[in-house]
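Trainee: Could we go through the aromatic pairs and a sheet together?

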Amino acid sequence: MAKSVNPVDIVPLGGLGEFGKNMMTYRMDDSMVVVDTGIMFPGTEHAGVDFILPDTSYVDEYRKALQGIVITHAHEDHIGALPYVAKRLGVPVYGTKLTIAMIRKRLDEHELLDDVELVEVTPGESFSIGAFGVELVNVTHSLADAVAVVLETPFGKILHTGDFKVDNAPPIGPPIDLKRLASLGDEGIVCMLSDSTNAEVSGRTGAESSVAAAFDELVRDAPGRVLLSCFTSSTHRIQVAIDVAAKLGRKVALLGRSMVTNVQTAIDVGYLRVPAGVLCTAEDLENVPRAKQLVITAGSQGEQLSALAQIANDTHRYVKLEPGDRVILSSRVIPGNERAVNRVVNRLFRLGADVVQQRDAHVHVSGHGSAEDLEMVLRLVKPKSFIPIHGEWRQLFHHAKLARASGVDPDSVVLAENGDVVRVTADGADGDGSGRIQVVDHFDLEQVLLDGSGLGLVEDCVVRDRRRLAATGVVVPMVSLSPGGRLQVSDILSRGFIENEDAEALLSEAHDVMLAAVEKLSSDDAENEKAIEDLLESTLKRFFRKRGIRRPVILPVVVTSEEEP
Ligand SMILES: [Zn+2]
Ligand SMILES: [Zn+2]
């Protein structure tokens, strides 16, 4: 018997074919739910851009249908865009206790606390957002309180895993709820969307607690002060480090504003446990013997202004390194940050510190499941259809392969990209209502580039100009225009352009070429500023091209003098 149930449209707005700015939309009839609203950190090609946000024009199109935003966990690539979109979208934001606490702190920093409704949800409870029934399921990750999202539709459940690893005894909070995932599998999952970050990595990902042995050994052994740097949101890692310090009788100081606020937030909601008397401030360190200190600091990615970079530059107010001190870098280096991290590491060594990285000891473990973990979850959930998410194409591709290998019908594994409209329909070709998915449409999305210093959106053309300026410099031809329409080439300035004798000769030649061009202007055009600017630009462009010189940015300036001098 044919059912007449409307389809669900799944449209990823970010996080597919890229790392970061995760944002997924689910729409059914007049209800739309957004899962995650993350940012991405730009590469060097985005000169001066601080963040990249997902393009939300698709959500704007269905604005009336939008009923809520569900956040899987409090990493930047999942919550970072909230301060920029939550107020405008104007719907409640749902998440678990720690996630909501971290979001609250973030919105507060942007003075948006009164503008966004935050709803704390306990995993396992059912609630609804518009026409969708919703349930959060505990998963494990590099920070506590991460969840998968189950969306219930009239013809089956959709499972969105968020970031996860399979950890049966995380340092904080419950283990991944494999039991619930298995029972969901038995009830029937019509479509699963799952984290692909480590799909290319064979085997299983180690437990968060597995770094404890190496921490213990490295801290116990250290004759002096120990510094440990990790992501400020890595609550599990920080808990393990604090436990080791407490056991070995070391005091713990936290460095870096986000390290202090994130740890305080995790303590406030009762997730991070710190024995009394263990924490001290950076100022207090001078009263603690060096061999009794563990400093947990931000800056594991080599960030220029971070506490770790200041320590490496020997400019930190409270923490100076000495030979015999030890620095543990407990994180992976995010692609693109290798040079910055390398610079910091070299400077730390130069100060006499012993720097221990992932390659030297088991001081870091990934927060994402590897191939065997992903396959195990696929086999538990037995989804009718599958969309790999969170990853570049190579990871998505490998995850799709794992899904087919674990029994998902190859026709129901869809490699989608951002902007694709993936439609899940109940009445499949075989008429059993088991769910079919296919890409039925595509929205062109743009990257939204943001300057975090308060300038707001950055246009694509601005980034292009900045790149050209950096590569070639700028040449500024200046012309003065007097009331009688008399033109004079007054000067030609340059910045970032080559500065040597040859360049001087070249610019003086350019001066003559400009003069000749300006003299040929018709008397009408000679009073038209725009015409003069265009002429200067095209003349100089041609001049540099003929000389085979890399084209600098040309910025003509026409100065109108009011009176004859
Ligand atoms: Zn994450
Ligand atoms: Zn993520």
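This is a predicted model: local features need pLDDT of at least 70, side-chain atom pairs count only at pLDDT 80 or more; totals for chains, interfaces and linings use all residues.

Trainee: Why is the pair of phenylalanine 51 and tyrosine 84 called tilted?

Mentor: Rings of Phe, Tyr and Trp (its six-membered ring) pair if their centres lie within 6.5 Å; planes under 30 degrees apart count as stacked, over 60 as edge-to-face and the rest as tilted. Here the centres are 6.2 Å apart and the planes at 45 degrees, so the pair is tilted.

Trainee: What makes phenylalanine 543 and phenylalanine 544 edge-to-face?

Mentor: Their planes are 65 degrees apart, with 5.6 Å centre to centre.

Trainee: Why does tyrosine 84 count as partly exposed?

Mentor: Buried means under 20% relative accessible area, exposed over 50% and partly exposed in between (1.4 Å probe, protein chains only). Tyrosine 84 has 29% relative accessibility, so it counts as partly exposed. Phenylalanine 543 and phenylalanine 544 are both buried.

Trainee: How do you know that strands E14 and E16 pair?

Mentor: Strands (E, at least two residues) are DSSP runs, numbered from the N terminus, and two of them pair if DSSP finds at least two bridges between them. Five bridges join E14 (residues 251-255) to E16 (residues 293-297), and the two run parallel.

Definitions and conventions:
Residues are numbered from 1 along each chain as its sequence is written. Chains are lettered from A and ligands numbered from 1 in the order in which they are written. Side-chain values use heavy atoms; hydrogens and water are left out. Helices (H or I, at least four residues) and strands (E, at least two) are DSSP runs, numbered from the N terminus.
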